[in-house]
Amino acid sequence: MKLYSTLTGLLLLSAAPLLAQQAPPSLQALDETYGYRGARFESDTSAFRDLALAETAGQTRYYRRKTEPKTLGEGEVSDVTYGFYQGKLSVILIKAQGVNNSRAMLAALQQKAGPGTRSSAFAQRYAWNGKKVHMSYDENAMSNDAVAVLTCKKLKEKEMKQALKAQPTTRTAPIGS
């Protein structure tokens, strides 16, 4: 009996680090990760060695990592794109094709950040709004292809402010003239 209790105690002690590493899903975990697979928001493009330019849109350049793993959770992803606004990582797009891969991606996101807020009972659309990171999941009802978008709130706000400054102001004629 003494041996049994000693063995049980040792097993619990050895399992404690594993239990501590499996934190419950939360928005805090989303904010702490602050990116995806080691790519942290606000990192400069020079911090990455394996980027290939995919496209440019305004002041944002989108890249793919040449060595990107094509799995997420129990499914496969078809594409992962990293957007750099003014040279800083600001957005990450993760795409999956088909219902099995899309739902596996959703399950992996929920395992990390919690259930999220579902916008409609009729659509597979979820959002997670952390303090530093916003994440969304949107699944096409016809194809069941899905896209997850992770956004750095700080850089998105900066981008929006710059866009508003760049818009020309229109003057309207006074009423009655």
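The following legends describe close-up views of a predicted model. Local features require pLDDT of at least 70 and side-chain atom pairs pLDDT 80 or more, whereas totals for chains, interfaces and linings use all residues. Residues are numbered from 1 along each chain as its sequence is written, and side-chain values use heavy atoms, with hydrogens and water left out.

**View 1. The largest nonpolar core and its contributing elements.** This core has 32 residues, and those with the most contacts inside it are Ile92, Ile94, Met105 and Trp128. At least two core residues each come from strands E7 (79-85), E8 (88-96), E10 (125-129), E11 (133-139) and E12 (146-152) and from helix H3 (98-113). H3 provides the largest share, 5 residues. A nonpolar core is a set of buried Ala, Val, Leu, Ile, Met, Phe, Trp, Tyr and Cys residues joined through side-chain atoms within 4.5 Å; buried means under 20% relative accessible area, exposed over 50%, and partly exposed in between (1.4 Å probe, protein chains only). Helices (H or I, at least four residues) and strands (E, at least two) are DSSP runs numbered from the N terminus.

**View 2. Surroundings of Ile94.** Not counting residues up to four places away in sequence, Ile94 touches Tyr36, Leu72, Val77, Asp79, Val80, Met105, Ala146, Val147, Ala148 and Leu150. Contact means heavy atoms within 4.5 Å.

**View 3. Aromatic pairs.** Rings of Phe, Tyr and Trp (its six-membered ring) pair if their centres lie within 6.5 Å; planes under 30 degrees apart count as stacked, over 60 as edge-to-face and the rest as tilted. The count by this rule is 5 aromatic pairs. Tyr34 and Phe41 form an edge-to-face pair, because their ring centres are 5.5 Å apart and their planes lie at 80 degrees; both residues are buried. For Tyr126 and Trp128, the centres are 6.2 Å apart and the planes at 25 degrees, so this pair is stacked. Tyr126 and Trp128 are both buried. Phe48, Tyr63 and Phe84 form one aromatic cluster.

**View 4. Lys132 over the ring of Tyr34.** The charged end of Lys132 sits 4.8 Å from the centre of the Tyr34 ring. The criterion is NZ of Lys or CZ of Arg within 6 Å of the ring centre and within 35 degrees of the ring normal.

**View 5. Gln59 in the loop between strands E3 (51-57) and E4 (60-65).** Gln59 is partly exposed, at 45% relative accessibility. Beyond its neighbours within four places in sequence, Gln59 is in contact with Phe84, Tyr85, Gln86 and Gln162. The side chains of Gln59 and Gln86 are joined by a polar contact of 2.6 Å. A polar contact is a pair of N or O atoms within 3.5 Å; within protein, one must be able to donate a hydrogen and the other to accept it, and residues adjacent in sequence count only if both atoms are side-chain atoms.
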